[in-house]
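Hi everyone, thanks for making time this morning. I'd like to walk you through a structure, so please have a look at the screen.

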Amino acid sequence: MSNISYVRTEMLQEKAPPVTQTGIVKWVRENLFSSVSNSVLTLLALWLLYTLLSHVLPWVFQSSWSANSLTECRSAIAAAYGEGTHGACWAVIRERFFQLIYGFYPPELYWRPNLAFILMLVALAPVLFDKLPRKMLWFSAVYPFLCFWLLWGGSIWLPLSIVAGFVLGGFAFKLIGAQFGNLFATIGAFLVPILWWMFAASPVASGIHSAIPLGLEAVESAKFGGFLLSILIGITGIVLSLPIGILLALGRQSDLLIVKAICVGFIEFIRGVPLITLLFVASVLLNYFLPPGTNFDLILRVVIMVTLFASAYMAEVIRGGLAALPKGQYEGADSLGLDFWQSTRLIIMPQALKISIPSIVSTFIGLFKDTTLVSIIGLFDPIGLSTNIRADSAWNGIIWELYGFIAIVFFIFCFSMSRYSMYLENKLKTGH
Amino acid sequence: MANAKKMDVSDEVAIQIEKMNKWYGSFHVLKDIDLTVNRGERIVICGPSGSGKSTLIRCINALEEHQQGKIIVDGTHLSSDLKNIDTIRSEVGMCFQHFNLFPHLSILENCTLAPIWVRKIPKKEAEETAMHFLEKVKIPEQADKYPGQLSGGQQQRVAIARSLCMQPRIMLFDEPTSALDPEMIKEVLDTMIELAEEGMTMLCVTHEMGFARQVANRVIFMDAGQIVEQNEPEEFFNNPQSERTQLFLSQILGH
């Protein structure tokens, strides 16, 4: 019988891996030519890629950038690259560029949407990147009103009187809270601003305006269009649907029967109806229900519908994140004496949102692309405009160039969102 | 009413439970529990799994709701009044089997969160207190790491420090070492022993019988939702009276 006793006297050191296991050769071998079938697939894919690009690239580059109609375009391409060449007619983008971006917004006022867009980036920055000073968030809070005023113009007193509603709500909360307790304070904080907006805001604004006229030239909603409209509807929907979705998700988990029933009913109803239907309700049906003579802005109606639609989806996405949290997190927070809102805000939501980031961003991207549906109810978003442009006899028959351009712009926005979500996921990783 | 809550409990009594019953649906988990815990007492609760020992201590800080009977913690009646529940929870620390640290917060933030938001202590002061207790559990150097980067034993010590930061008068431990590797159990037990020596009132559900012998004033054996036997550790281990206790002890000490 052999002796099984063994004692290690010295622990082993780490060594570098063998040379064949590193470098580019290894990468190519492992990823492209690891077996016969993989090598065949690699070659096939390369051939497909070549065929595709050899057709698309000439079309993209053997093109015409300056022409006033499709026929002019074609003859210019034939003259430059020989008879029978298929080339893109980018001239249409060049000619209609400003229309595709701003719709029918008055050209001398383009600086207003431009400024609004740049300020939007400034307002979003502190929300997206927490390295930036927190004081910038004040600007983010003010921005929606500033943006509204810049885009639509008119008296500055209207947006200010709307802001005043929030301030009044805050005062109501403090005053009533000191006298009658939290419940009444909350009710007051909701009721006072709503009453203010319904009855006082607009007379007060016009009153002050007649005394101190201060404002920009008004631009009516019908003139909005192009990517200006898409971004306006998309960003408003995104910014509003997240908080509403969080509240709906919490409401759906609530022990309060009525709150729960309202939330479940809302979510299930909105998710069960196509967005197009809601948009038609916004554009056509609402007029029947509103008192005659009411001028309820179409863009506002569409924004509300898109936001409600996205909120219902957002609520379900966040509910998924909440369900994925271990019960121990709730108990840990409870055992320390945190109350419901504290534990929700500090413990539960940060984790649930982090889990749901990929799905939240998918919903955002979906919402942003769905803004093209407003073309069906007659708003001139890029898709609506492209139909319009093709109806022009000069550009009749042009398809790929317009849709290609629109697709690329949408892709840039959606891809940025997707990359940002990956950045955020990486940043929030706190494991190993 | 606020004064009425404070009556009929002498200052010597930390927790008083009278005829407490609890059901999960129609399943009767806790049956007529009577238990008085004096201030400074260290109690170990043991028993087979499913005997209701975890449920019992979770009732004390209202993580579980009891349906019948009376629980008075530190002079406060435990009822469905949310204010009372939050008061009790902020006075009673709890450590869980799976630590339940908050993975998205650093160790220091885990420890300062409740003092800042519940006790309204300034951040700076809360951080000083947190560092004090992290030193006490011997991991001040991990303060800026996240829970996911620590070993199980370290995480449990952070969980203890996190509870201590609320300056609780009573500590509850729900199987604090059951999820740990053997070599990490000792570091957690050492921390708990140190705490016991300082006079903290402790209720501890555990299977660590060595710990029970060393620090407990009283060992309680539970089975089928009732307290079957309680005694001083020496008597409990050497001379168990009930048959169930004998069987249980022979099973856990037998090999």
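Before the charges come up, a word on counting: Lys and Arg count as positive and Asp and Glu as negative, while His and the chain ends are left out. With that in hand, chain B carries 26 positive and 36 negative side chains, and the centres of those two sets are 5 Å apart. Chain A has 26 positive and 22 negative side chains, with 7 Å between the two centres. Please keep in mind throughout that this is a predicted model.

Let's stay with chain B for its overall build. Its secondary structure consists of nine helices and 10 strands. The radius of gyration is 18 Å, close to the 18 Å that the globule rule gives for 255 residues, so chain B is as compact as a globular protein of that length. If you draw a box along the principal axes, the C-alpha atoms of chain B fill roughly 55 × 55 × 35 Å. Of the 255 residues in chain B, 56% are buried. Take the contacts in chain B with a separation of 6 or more: residues 24 or more positions apart account for 67% of them.

Now over to chain A. Here we have 16 helices and two strands. What is the radius of gyration of chain A, and what would a compact globule of 432 residues have? Chain A has 29 Å, but the compact globule would be near 22 Å. Along the principal axes, the C-alpha trace of chain A spans about 100 × 80 × 40 Å. Buried residues make up 37% of the 432 residues in chain A. Among the contacts in chain A between residues at least 6 apart in sequence, 72% join residues at least 24 apart. Chain A exposes about 25,900 Å², with carbon and sulfur atoms supplying 71% of that area.

I'd like to zoom in on one residue of chain A. Ser230(A) sits in helix 9, which covers residues 226-252. Is Ser230(A) buried or exposed? Its relative accessibility is 1%, and the cut-off for buried is under 20%, so Ser230(A) counts as buried. Setting aside neighbours within four places in sequence, Ser230(A) is in contact with Phe368(A), Thr371(A), Asp381(A), Pro382(A) and Phe410(A).

Next, where the two chains meet. On the chain B side, 25 residues are in contact with 21 residues of chain A. The size of an interface is often given as the accessible area lost when the parts come together. For this pair, the area buried between chain B and chain A is about 2,000 Å², and carbon and sulfur atoms give 60% of it. Which three residues supply more than any other three of the area that chain B buries against chain A? They are Phe102(B), His104(B) and Trp117(B), and they supply 27% of it.

Back inside chain B, let's look at strand 1, which runs over residues 13-24. Ile15(B) belongs to this strand, and at 0% relative accessibility Ile15(B) counts as buried. Beyond its neighbours within four places in sequence, Ile15(B) has contacts that include Val37(B), Ile60(B), Ile72(B), Ile170(B) and Leu203(B).

Lys19(B) is partly exposed, with a relative accessible area of 49%.

Asn100(B) has a positive phi too, about 55 degrees, although it is not a glycine. This residue lies in the loop between strand 6 (92-95) and helix 3 (107-117). Asn100(B) is buried, at 9% relative accessible area.

One last stop in chain B: helix 6, residues 182-197, where we find Ile193(B). With a relative accessible area of 11%, Ile193(B) is buried. Not counting residues up to four places away in sequence, Ile193(B) touches Phe211(B), Gln214(B) and Val215(B). The C-alpha atoms of Ile193(B) and Ala216(B) are separated by 9.6 Å, with the two residues 23 apart along the chain.

That's my tour, and I'm happy to go back to any part of it.

How values were computed: Residues numbered from 1 in each chain as written. Chains lettered and ligands numbered in written order. Predicted model: local features only at pLDDT ≥ 70, side-chain atom pairs only at ≥ 80, totals over all residues. Heavy atoms only, no water. Helix = DSSP H or I, 4+ residues; strand = E, 2+ residues; numbered from the N terminus. Rg over C-alpha atoms; globule rule 2.2 N^0.38 Å. Buried < 20%, exposed > 50% of the residue type's maximum accessible area, 1.4 Å probe, protein only. Contact = heavy atoms within 4.5 Å. Charge placed at Lys NZ, Arg CZ, Asp CG, Glu CD. Buried area = accessible area lost by both parts, 1.4 Å probe. Areas by Shrake-Rupley, 256 points an atom, 1.4 Å probe, with all protein chains shown as cover.
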